[in-house]
Amino acid sequence: MFTRLYVMVVAVVMGVVAWAAPNCGKGAIVGCWVADVATGNVLEQSNAAVAFTPASTLKTLTCASAMRTLGTNWRWRTPIAFVGSKTEGTVVINASGDPTLDSRFLLQKPGFADTIATTVKALGWKKVAVTVRDSHFTPTGPLPQWMIEDVPWDFGAAFQGFNYYDNLLTLNLKTLKISQPANYFSILRQPSDQDFDLWRDPMACTLIVKGKLPGKASIDVSNPKPQQLFCNILKHKTKLPTTLHFGASQGDTLKKILWQSPALSEVCRSLLKRSDNLMADATLRALSQGSLSEALDRELKMWPDLGVCRIQDGSGLIRSNCVTPQGLGKVLLQMASNSAFVEVMPVANSLMRDYPAAKQKRCLLKSGSMTGVRCYAGYILDAKGKPKKVVVVMVNSALASSSDLRKSLASWVNTLL
């Protein structure tokens, strides 16, 4: 008994409380950090200062940084000018990095394309060009650190200065045709006995569909040319000849519009719940004037308690991202008093599906997963719905099935309620 107590005391002093971590199977590396919100006291920790791949739990850091810096009511603002004559002209869009333009997840009425189409019709133009100015955003498109196999999928929709319709296209799996007017995008079928897969070079417009087709009616795939899709949509809505134009625009400025996105808090709530990579990366870019490196530098300076880390995007899609449970936990601890931030955190009903709804609602935990990685970060609420504990748990190099991992982590979270 004395020996066991001595070992536990030594472990606490060293900051490594092995008995506090959930059992995630042989080979798994597990780190956790749990703190009391009221006092800041650390309640449980294991490998808390070890850097882990955070996957999508990194989105909590992105949203915390943006909401702390910009405020909950901040909005992307996209200036639009209508330049030309009485018969034809150019719609000049000064891209702001807004990820919500005609998003299916954050709908605005009237919509972005509808508003522009209505204005074009009111001007009486018979011919339209579209110019998108977005050169100050660097870099754009899939980042070099991405796994190339992620590129074609819906979660591989990459940030651009001008984002439209979530930078997605809908592929009908019965006809192998794109549902939107995307004549620039082609499908190449490679049937085989292998599992269903997709392939596309990062900025190419040819999607290769491999293997056996799944039973689904349709899936979303990433769109490398949202500017062209918008141009085609505008053509469809106005019934006018419409082209994507590059270079200077000729004529007088006949009208100006300042398009505004939904509030940042609404965007963060949506992106955290759905784990939207595009919106997360756009939210990080909002910290700068378009430069990813400047946004990352500003974020790191904002949170000195992050400690050992490597952050390369806002979404967590890059496998070489790493943060410590303690570092991310301290950020969440600082944000626990920000009620607007706490309110955008998602309920962990998927993690806690085997437990009563009342317990699920007390767990505001953002999940993050990729091959061999399962992580959760957020808050445990008290009976009044206020943050009681900060919880960060990260599992890397996991060999157990997703179902077994979930059950083990859910059981551990249940002990914290």
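The lining of the second largest pocket is made up of nine nonpolar, seven polar and two charged residues, where Ala, Val, Leu, Ile, Met, Phe, Trp, Tyr, Cys and Pro count as nonpolar, Asp, Glu, Lys and Arg as charged, and the others, Gly among them, as polar. The model is predicted, with local features needing pLDDT of at least 70 and side-chain atom pairs pLDDT 80 or more, while totals for chains, interfaces and linings use all residues. Residues are numbered from 1 along each chain as its sequence is written, and side-chain values use heavy atoms, leaving out hydrogens and water.

A pocket is an open set of points on a 1 Å grid over the protein atoms alone, where a 1.4 Å probe fits, with protein on both sides within 12 Å along at least five of seven lines, and its lining residues have an atom within 4 Å of a point.

| Largest | About 800 Å³ | Lys273, Arg274, Ser275, Asp276, Lys366 |

In the largest pocket, the lining divides into 17 nonpolar, 10 polar and 13 charged residues, and strand 14 supplies the largest share, six residues. Helices (H or I, at least four residues) and strands (E, at least two) are DSSP runs numbered from the N terminus.

Helix 11, residues 402–414, includes Leu405 and Trp412 among its buried residues, buried meaning under 20% relative accessible area with a 1.4 Å probe and protein chains only.

Notes
The expected span of a helix is 1.5 Å times one less than its number of residues. Buried means under 20% relative accessible area, exposed over 50%, partly exposed in between (1.4 Å probe, protein chains only). Grid points are joined across faces, edges and corners, and a volume is the space filled by probe spheres set on the points.
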